[in-house]
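Subject: Structure for your review

Dear colleague,

Please find below the structure that I am handing over to you.

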Amino acid sequence: MYYPNDLSNHAIRKDPNELHVWVMTDTHFKTEVDGKPKEQNAVFKDKYFYKAHSHMRHFVDLVNEINAYQPELVLHLGDIVDRYHSDFNQFNDLWNAIDPNIRKERICGNHEFGENRKDKDLYRLFPEVQTRKEIAGSKFNQSFVVDNGAVRLKVIMAETAYDKNGERATGGPGYFKTEAFDWIDFELNENRDTDLVLLATHHGPCLHFTDEQKLKLKQVIDSSCSSDPHLVIYDISGHNHPTSVQYQDDFFPNMPSYHLPAGVGFVGKYTVLTFNTRKEMDVAERILHYPYDW
Ligand SMILES: [Fe+2]
């Protein structure tokens, strides 16, 4: 099959002065129909469940390619599975196949709550959060720094799979818990030793937050940027499955926002972020074929 914007056969040469973050989102694993396009529930709307595993397998292979790629960080922005606990096993097999030298981090989407799971049950599915303390009401909220000697990037991963009362929700719009705003403000103003920040969420604030929460976040972002004119903040999110990377800066002029395409799409799309020493972020899609020959 031919895809006009196919980048998957073009090597991205790794420049040691750049920092690379490879992002997947909305894989919606559904093991029962994996590799079975004719099954009844193999496709639903824009979700091509039967291809998702193959696409991600291809992506993990690309991530692992020595010399050519090996990004400093791999992220998953949630909706890892479509609904069931059992599908986590299939996902984890691939997720854990990422070279252990490469840092990988993930957050929850609304679909992880498909069976009305409680936090306790959910944390059990994510071994990496077991020893973490809750921050702003969630063990999935975290911040960390990735530094390759040339570029130092602070990443804030913030959970949004709540309703307006702060309860777990299985759809949209997404919300931060009330306490998350103070936490993000703290991360941007008191707990920061670099001018370059990436905010990663499942629901994108531009598209999926209510006006009230958008405004609250805008106040945090704008005041942080006005107190430090050197600060550069980018925002990435999943959830809305755009067919290509969607860019918005109309509501958050101080935080360019990118909605990233879904791994479960007809054409599996993943995103490569490249940060340079000028604090610019380049965004490239990686388009993956199906079936992938492995
Ligand atoms: Fe979602």
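Residues are numbered from 1 along each chain as its sequence is written. Please bear in mind that this is a predicted model, in which local features need pLDDT of at least 70 and side-chain atom pairs count only at pLDDT 80 or more, while totals for chains, interfaces and linings use all residues.

Overall fold

The protein has six helices and 13 strands; helices (H or I, at least four residues) and strands (E, at least two) are DSSP runs, numbered from the N terminus. Its radius of gyration is 18 Å, close to the 19 Å that the globule rule gives for 294 residues, so the protein is as compact as a globular protein of that length. That radius is taken over C-alpha atoms, and the globule rule is 2.2 Å times the number of residues to the power 0.38. Along the principal axes, the C-alpha atoms fill a box of roughly 55 × 45 × 35 Å.

Strand E8 (residues 196-203) pairs with strand E9 (residues 232-238) in the parallel sense over seven bridges. Leu 198 stands opposite Tyr 234 in E9.

The five-stranded sheet

A further open sheet, also of mixed pairing, has five strands in the order E5-E4-E1-E12-E13. Strand E5 (103-106) and E13 stand at its edges with a single partner strand each, so one side of each is left without a neighbour in the sheet. The twist in this sheet averages 20° from one strand to the next.

Strand E1 (residues 19-24) runs parallel to strand E4 (residues 73-76), and four bridges join them; Leu 73 in E4 is the bridge partner of Val 21. Strand E12 (residues 268-275) and strand E13 (residues 281-288) run antiparallel and are joined by eight bridges. Leu 273 stands opposite Val 283 in E13. E12 and E13 form a hairpin with five residues between them, and Lys 279 in the turn has a positive phi of about 65°.

Helices on the sheets

Helix H1 (residues 49-64) lies across E1, E4, E12 and E13, running at about 125° to E13.

The axes of helix H4 (residues 178-189) and helix H6 (residues 211-227) come within 10 Å and cross at roughly 15°. That makes H4 roughly parallel to H6, a term used for angles under 35 degrees. The contact is made by Phe 181, Ile 184, Asp 185, Leu 188 and Asn 189 of H4 and Lys 216, Leu 217, Val 220, Ser 224 and Ser 227 of H6; two residues are in contact if their C-beta atoms, placed from the backbone, lie within 7 Å.

Backbone details

Most residues other than glycine have a negative phi, and most peptide bonds are trans. His 28 is not a glycine, yet it has a positive phi of about 45°; His 28 lies in the loop between E1 and strand E2 (43-44). The peptide bond from Tyr 290 to Pro 291 is cis, with omega near -5°, and Pro 291 is in the segment after E13.

Yours sincerely

Definitions and conventions. Axes are lines fitted to C-alpha atoms, for helices over the stretch in contact, and angles run from 0 to 180 degrees between N-to-C directions. Angles under 35 degrees count as roughly parallel, over 145 as roughly antiparallel, 65 to 115 as roughly perpendicular and the rest as oblique. Two strands pair if DSSP finds at least two bridges between them.
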